[in-house]
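Thanks for making time this morning; I would like to walk through a few side-chain contacts, beginning with the aromatic rings and then turning to the charged groups. Please have a look at the model first.

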Amino acid sequence: MAGAGLDVWEQEPPNPDHPLLHMNNVIVTQHTAGVTHESRANITRIAALAFADAAKGKLPPRIINPAAVPRFAERYAAKLGRTVA
């Protein structure tokens with residue numbers, strides 16, 4: 001192979017001593033495959049809706065870490081005197 005362009009690594013970011021980073025015929029960049037104007041607009045909209053739901057005491061539809069829900073509910077109730085729906 002004459003060369004390679006890489007943007008995905010098993011470990012992100014790769015260790016600075018990774019041998020591929022020191023090869024003249026390898027170009028590396030950060031992984032940006034999903035970064036488009038549309039995806040940025042969508043993630044902004046999704047985040048705004050999630051914050052609006054949280055402000056109303058509703059759990060957002062996309063919970064990445066469900067283990068955090070009880071602590072969120074506890075803190076929400078302590079601060080606002082209402083339970084999470």
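This is a predicted model: local features need pLDDT of at least 70, side-chain atom pairs count only at pLDDT 80 or more; totals for chains, interfaces and linings use all residues.

**Side-chain contacts**

There is one aromatic pair in this structure, where rings of Phe, Tyr and Trp (its six-membered ring) pair if their centres lie within 6.5 Å, and planes under 30 degrees apart count as stacked, over 60 as edge-to-face and the rest as tilted. The pair is tilted, because the rings of Phe72 and Tyr76 have centres 5.8 Å apart and planes at 40°. Residues are numbered from 1 along each chain as its sequence is written, and side-chain values use heavy atoms, with hydrogens and water left out.

Tyr76 is buried at 7% relative accessible area, whereas Phe72, at 29%, is partly exposed; buried means under 20%, exposed over 50%, and partly exposed in between, with a 1.4 Å probe and protein chains only.

How many salt bridges are there? The count is two, taking a side-chain nitrogen of Lys or Arg within 4 Å of a carboxyl oxygen of Asp or Glu. In one, Asp53 and Lys58 bring their closest N and O atoms to 3.8 Å, with Asp53 buried at 14% and Lys58 partly exposed at 38%. Glu74 pairs with Arg71 at 2.7 Å between the closest N and O atoms, and these two residues are three apart in helix α2, about one helical turn.

Methods: Helices (H or I, at least four residues) and strands (E, at least two) are DSSP runs, numbered from the N terminus.
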